[in-house]
Structures are given as structure tokens and as C-alpha cells.
Amino acid sequence: MSKNKAIKAVTAAVIVGSAITAVAPVQSEAATNSVDKAITKANNQITKAFNAYYKEAKYKGKLPSTTTIHKEAKLARDYYEAAKKEIAKNGGSTSNKAAYTKKLDANKSSLNRVENYVSAINVNVAAKKKVFEAAVKSGTQSKVLAAQEALDQKNAEFKKAVAKVFGPDTRSLLTAKYYTPAAKLSATVDAEMAVYKAYREIEREDLIETDLAAAKKLIDKVEKQVAAIEKKNTKLAKNIMKAVKKNKAAYEAAKANPKQLDAIINKANNQITKAFNAYYKEAKYEGKLPSTTTIRKEAKLARDYYEAAKEAIAKNGGSTSSKAAYMKKLDANKQSLNRVENYLSAINVNVAAKKKAFEAAVKSGMQSKVLAAQEALNQTTAEFKAAVAKVFGPDARGLLLAKYAAPAEKLSATVDAEMAVYKAYRQIEREDLIEKDLAKVKQLMDSVEEQVAAIEKKDTKLAQNIMKAVEKNKKAYEEAVPPGNGGGGGGGGTPPIDTEISTQAQLNETLDKAQDGATVEVKLNASGSLTIDTSKRLTIKLTGDLRGQSLTINAPNTHVTNSAANSGAITIEDVSNTSYEQVGTYGSIDFNDPNGGRLINSTSAPLNSTIAAGAKVTLVGNFGKVTVLGDAEVTLVAGTFVKEVAAEGEVEVITEEGAEVETTTGPGTVTIKPANPALELSDITAEVTGGGALRHDTANKYILEGSATAQLSSLTLTANLDGFTATIVSVDGVSVNKSYTEPTTDNNTSLTISPREFMPVQLQNGISLGLLKSVFGEEATIVLDLTKSGAKAVTETITLDLEVVDTNAWFELKRTTDGNVQVKLKNTTARIADMYDYNQTNEQEFLDAFKLALLAYIDPANAGLELRGTDGTTYKALSEYSSTEIKNLLGISSNTTFGELVGTTLHIKVNGTPRTITFVQ
């Protein structure tokens, strides 16, 4: 039977069988066809919708019309949902339905991409631009601010939506068409709004009556912006300038008022007393230290008020005698200000950061890293103790030493034995004493024998690494000691040669007689060229006179010190890593060793030398011109100086600490790089949305400024080396210890982290500037450890000066005289879910913020904060509480208003001391 006939027969049989059984299979086939058709229709439409925006942007450089993409995207979603229903209805068995669904969802990512595009263009930036333009035209300042903030918020929402759009071409076109024009439009009134907010605060807070120093700070802050808008002829600028002139006149009048001057002086003295008592009385009468945040805040205010009072006296104090009287009154309390600032100087010595670095080094087990960390810790501890000695009050000094110095010294002492052994054996290796001076080796080994016995019993990584070095060097020492010598003879072996050596034959005979490991002293009176050619492990000391004859060294296991006078041409073919040392006069030195020899200059003048192509050399000492004839690697040990490197190939110069090349010449290239480059934090930038910015002030100080509702979304750390790891050690003293590594594949040296990653609690999103100021006060400090394999680690302490234009609209933490805490609620009608985003539907961000506030404000020193549970008796650490448990403890939901929390009291313990947290209005 032919193949076609067989197929026909089988088909006929199937049809007959089906007809006999029932009609259902024919209906099922029709249903299956309808499912396939629905899937094909959906996938075709999804592809069409995706191409409508993606290909238009990628290949034509433009965006589709809004009507077109809305239509195509809606059809794609409708057909997709219709296909899902068809599968559910007629897809057959469970396995068949799964197969159909898989086929349908093969193109699901394109549908998601289309809908992400639609979501972006649905963010109506244009409407906010129109409202903003109308507000600017009206000249009403409050309307302009509200419109600007609304525009900025909507533009940020649009930018966030664009970031989810697939395709860089599309994202660029969307940004250029909508985001950039809106941002530029908003920026046209940045100066006006900065001035408006500053002078609005002066008026709202009645600062000219209550706080002239604060008024002046705000006036000075926007002086540049005032100068800019003064030249403008807009209705908005004119309205703002009216307020500026009115308030400046009132400020000048208030300064000239003698009563106001007395009030300014009294305010300064009262604040100085408050700051002094914040540490002195706390230590003397309660036996504890104040929080770092509190004392920094109070001390800064004291200094600010004092300087403001001095300035007011200078300007408005009247006659010379009158000014002197005012200054006498102001300085009556100056001593207390000095004492507060001495206390501040002490706590600003960051012992904790050095302890952290030390602990990390010990954990790594790297001996050099531990020694560096121990020395840094000891130095910082000594600096801290010196600062504490200047602190007024024995109680405060005692508490400071007990809290910081004593634990640091105790921690450092835990590796004293290890470091003594490490330094002794490091000297043995660095000075190559086993080859040069066995007596010195024995002396060093004997000096740390007790410490070796102690660490031999330890099971730490550090101890194990040190014992490896001990065992290796002890073995080498035992092998180096000649039989019967016992190690005390300074190297043993061939005794000094009494007769002078003139010929090669005499030199060969002397070397042949020398025992392996011996020190050979040779006095020369050369009558011809000489070659030291031996494979023995020797230390050769040349004295006498080479009489201008050449000297060749081919001794891969031998160290040669050439103190002979009048060397001619010296050629070094191979020496041991401990190398060749030139002491006497010479004609020229050629270094050809490809195995990594060392050339030491111990002459009184810079040494000139020529290095062959392919050589690998380490230079020690002071060098003049170093000529490199081809590709080579040159290492300069610490402190080595080279006046000139003349390169004829590609030369890599590796410099240890303090080494330097003054100039490079020649047709080749010289690449100079540090042996262990130091990591440096070169910059920090931030994404602040809703009217704020981060700017660099001085050194490691940055100013974070903006409105209270502005959001800190991220910080970007930029270092000088790629692939570094940043460990956030603490924020304002609160332990964080989270590490993030900058990827080496992104073609930059920047690492971006969000607040949820660098704050002590897992924040859901960003954090408002108002909340930051409420929690941390005038400034916050971030301690960072920067590390990278092969580079010197560095600890950076970053200060964020928090300059928030508006007061925090949500809550403020205050400490009562009895040490308890009040949470003063500012907006009792608002829902707690409104804290960050007015579209927020849950209370998570309030809970995150509350936990952060508890840590930073109540327990910055990590003494241990415990919270009493709902059973009214059990306390457990805050870190053990989930957000849900705290939510239940407070009795809140997403609809709870701040007003409903008034009167709620939580019971806590800080380092075992009972405290309460009460919500008040």
C-alpha cells in the first residue's frame, strides 16, 4: 500500500470511529482551533502594539501618537484577556491548558513593556506645567510654591515610570519631550522659592521677635538668590522683594534695640548653660553620658548663639565702653562653652571606627593588616585619652574612659603576643637575616619564644598564619646553621681570606671551598676581569680594590655586597632576591636578572644603572638615571628615590609608600602605580526629590538641604578605585554594618545605595528630610569603611549638615527632664499612611520611621534598647520586633490618624533603665 493510501485509510478509520462513538470529538477540534486562533490573535496584537512604540523610537527616532499607542495597547490587553478566557473554557485537560497558557505568555513581556510605556505617558506632567505657569503669572508666592512642588512631584513620578520603559531610545525621547522641559520650567523660580520659604519661616516663627540669630542665618542663606531676583521685573519677584525689604528693615531695627541685645546675650548664655549641663550634670548626678546627637546639637546651638551675640554687640553695642560691658556679660559664661566644646572634641575622636576596622582585620587573619589596624587603634585611643584629659569634670572623664578607651585598649591587647611574634619574624624576612646574620636571627627568635608558646595554643586564623611563618623560618634557620656551629657564629662557614685575591682562578678556588650557607669575605686586588659564578647559597662581601676591572655576577642564590673600590663595568646576570648591594666606587652597572633580583645603593651618591629588556628588578635607595632598554618591571621599595627613568619600552614602575620617580624620558612609556594604592572617597552625590539637594561643603562635610517633605532617595559614593566595597559602619553612632560592592562591569567607580540599605532599619522607600532632622538633629554622621583587595583600606566619617527649610510636618522627639521621651505630633488630622506619599495605602513607612527614631534618638550608643510587649510584662530587643508586632503594640492601621496616637505610652528599657515614650499633641 502506498504511503498516501495508508494515511487515507487511517483517517477514514478515525472518522468512522468518531461517527460511531459520538459527535463530541469534532466539537473539541473546533474548540481547539478557537483557542489557537485566540492565542495567535492576542500575540499578533501584542507584537503590533510593542512595535508601535519600540520600533518607532529605535528606527525613526520619534514617539507614536498618544491615540495610536492607547488604542493598540488596549486591544493587546483585551485580546490577551480574551485568549485567557478561551483557554479556560475550551483548552481541554489541565496539561493542555498549561501548554496553551505557556504559548500565550511567550509574548507576555512585550505586553508588559507596552503597558509600562502607557503608564509613563499617562503621568500628566503637562497639566501640572499649565497650573504652574498660571501660578507664576498670578505672582502669588504660596500658589507658585504649591504648583512647583506639585510639578516636581509629578515630574519625579514620570521619571520613575520612564525608568521602567523598555528601550534606551524610547526612554531618551520621553525624557527629552516631557521631563527635561518640565524640570527647566520648575527651575525658573528656584531662586524665588528659596527666598520665599526663608522669609516665610522668619514670619511664621516670629524669629525677629524670638530668635534674631536664626533670622540672620536664614537671611544670609538666601542672599545670592535675593540679588538674582532683585533684577527681575516679574510680578512674583516684586512681591517677594516687598517681603524681603520689610523683614530686613524689621531685623535691623530689632538689632539696634538695647533690649533685643540683652535678649540675644541672655539667649546665648542660657544655651551655653543648657549645653554644659547636658553632659556635666548627666555625668555627675545620673552617672551616664548624654547621647551624641543631643550634645552635638546643644553645643552647636551654644556656639551659634554666642557668635551671633558677638556680632550683634559689634554692630549695635554702642560706644567702646558699652560694647566692652556687653562682652563682659556675654563672656561670663564663656568658660562653660569651652568645656562643652572640649567634651565634643573628645567624643569626635572616632575610637569606635578604629575598633571596627581592627576587629575586621583580626577576623581576616592577615598579619600586616592586623598590625596596621592595631597601631591605628592605639594611636586613636591615645588621641582620645589626650582629648578626655581636657574635659572638665572627673565623672565625665571617668565615664568617657570607661566607655571608649578601656574597651579599646583591652581589645588591642588581645593580639599583643601575635604582633610581637609577627614583627620579629617580619624583620628576619625583610632583612634576609637567615642569609646574612644567623646570630641576629637567633636573638630575635629567642626574644619572642614566650609569645610563640602562647599563640601556638590558639585556634584563630591570625595565630595559624603567624605559626606558619614561625615554622618556615625556624626550619630555614636550622638548615642554615653549619654543623657544630649552633647558630651563634654570625653565619659560619668559610673564614675571612687573609691574602688578596687577584685572579679568577683564586676566586673560583675560594668559592669552591665555601660551605653552602656560609658568609665569604673576599679582599680583592684584581689583575683582570672577575666573575662570581656559583649556585651555592652564600653571602659574599667584597672589599679591597678592583682596579677598574669588570665584575660579572651570576649567582642566583647568593647575596653580594660590593665594598671594593674602583669597580669597572658591573654586570648582574642573576642574584638572589636579597640581591646585589653597591657600596664602593664603580664605572657602570648593568642589571639583566629576569627573576626579580634586588639592586641596593649604599654609596653616598645617586646610583646610575641600566636595566635590560625583560628584567625584573627591585631598587632600594637613592638613584640617579635608570635606563631601561625594553619592556621591564621595576619596583621601588618604601623611600626609594629615582631622579630619571629613561624608557625604551613599556616599563611598569611599582612604588611602595614614600617611593618616587621625579621624571621620565625616552621613546618608551612609563606607567607608575602604587604597590598598595590607598582607597579614597572622592565624592558623594544624592538623589533628592521634591525640592532638595546635597552639596559638598568642606572636606568630608556635606549639606543636605530642602523642604521637610523632600525625599532622600539615594546616596552615590564615588571612590578612586573600581570594585571597592563600602561598609556602612554606623549612622550617627547607631550600628549598621552593611556592606555593598561597586560592580567592576559598569565602567565607573560609583556605588549607589538607598536609605533602606544604609539606615539602621529597613526603610520601605526613601526618607524625608524633615524626619531626618527630627531623628538626628542638626547633623548626622555616617562612618564608612572602604576596602578593596590589594589596596589600603580607609575609614571615612561623613557629616551631613541637615538644613531643612520647613519644619517637619509630622512629629518631633523631645526628651523630658526625667529622661523619658515625648513624641510631639504636628498634624493630628493626617493619616500615618500619608507620611511620604499621599497615595500610600499602608502604614509601613511610619513604622520604619518610628523604629529608626527609637534607635537614633533614644539609643544612639547601642547600649541596648528593649521594648515591652502587649502582655505588659515581657521585654525584648527592638531588633527582635517585626513591624507587625510594633503595629499591634501601637494599635494602628493604614487609616489611623496621628491624633489617635495621642496619649499612647510605650514602655522601654535602655541599658536596663526603664523609660517611657508618650505621644502628645
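Trainee: How many bridges join strand S3 to strand S5?
Mentor: Four. Strand S3 covers residues 539-545, strand S5 covers residues 559-562, and they run parallel. Keep in mind that this is a predicted model.

Trainee: OK, noted. Which residue in S5 does Lys541 stand opposite?
Mentor: That would be Thr561.

Trainee: And what's the order of the strands in the open sheet of nine?
Mentor: Going across, you get S1-S3-S5-S7-S9-S11-S13-S15-S17, and the pairing is parallel. Strand S1 (519-525) and strand S17 (669-674) stand at the edges with a single partner strand each, so one side of each has no neighbour in the sheet. On average, neighbouring strands here are turned by 20 degrees against each other, ignoring direction.

Trainee: What about the open sheet of eight strands, what order does that have?
Mentor: That order is S2-S4-S6-S8-S10-S12-S14-S16, with parallel pairing. Its edge strands are S2 (530-533) and S16 (660-665), and each of them pairs on one side only. Neighbouring strands in this sheet are turned by 20 degrees on average, again with direction ignored.

Trainee: Let's zoom in on S16. How many bridges join S14 to it?
Mentor: Five, and the two strands run parallel. S14 is made of residues 641-647. One of its residues is Glu644, whose bridge partner in S16 is Thr663.

Trainee: Changing topic: how many aromatic pairs does the structure hold?
Mentor: There are 14. Take Phe50 and Tyr54: their ring centres are 4.9 Å apart and their planes sit at 15 degrees, so that pair is stacked.

Trainee: Where do Phe50 and Tyr54 lie?
Mentor: Both are in helix H2, which covers residues 24-60. They're four residues apart, about one turn of the helix.

Trainee: Buried or exposed, those two?
Mentor: Both Phe50 and Tyr54 are buried. Tyr54 also forms an aromatic pair with Tyr53, and that one is edge-to-face, at 6.3 Å centre to centre with 85 degrees between the planes. Tyr53 is buried as well.

Trainee: Which residues form the aromatic cluster?
Mentor: Phe50, Tyr53, Tyr54, Tyr117 and Phe166 form one cluster together. Phe166 also has a charge over its ring: the charged end of Arg113 sits there, 3.5 Å from the ring centre.

Trainee: What sits over the ring of Tyr875?
Mentor: The charged end of Lys909, 4.5 Å from the centre of that ring.

Trainee: Now helix H23. Which of its residues are buried?
Mentor: H23 runs over residues 438-447, and Leu438, Val441, Leu444 and Met445 are buried in it. Looking down the axis, the buried residues fall within an arc of 120 degrees, so they line one face of the helix.

Trainee: What do they pack against?
Mentor: Four helices: H21 (416-430), H22 (433-436), H24 (449-455) and H25 (461-480).

Trainee: Last bit, the whole chain. How many helices and strands are there?
Mentor: You have 30 helices and 33 strands. The chain has 921 residues, and 45% of them count as buried.

Trainee: And what share of the contacts join residues at least 24 apart?
Mentor: 53%, counted among contacts between residues at least 6 apart in sequence.

Definitions and conventions: Residues are numbered from 1 along each chain as its sequence is written. This is a predicted model: local features need pLDDT of at least 70, side-chain atom pairs count only at pLDDT 80 or more; totals for chains, interfaces and linings use all residues. Side-chain values use heavy atoms; hydrogens and water are left out. Two strands pair if DSSP finds at least two bridges between them. Axes are lines fitted to C-alpha atoms, for helices over the stretch in contact, and angles run from 0 to 180 degrees between N-to-C directions. Rings of Phe, Tyr and Trp (its six-membered ring) pair if their centres lie within 6.5 Å; planes under 30 degrees apart count as stacked, over 60 as edge-to-face and the rest as tilted. Buried means under 20% relative accessible area, exposed over 50%, partly exposed in between (1.4 Å probe, protein chains only). A charge sits over a ring if NZ of Lys or CZ of Arg is within 6 Å of the ring centre and within 35 degrees of the ring normal. The arc is that of the directions from the helix axis to the C-beta atoms. Contact means heavy atoms within 4.5 Å.
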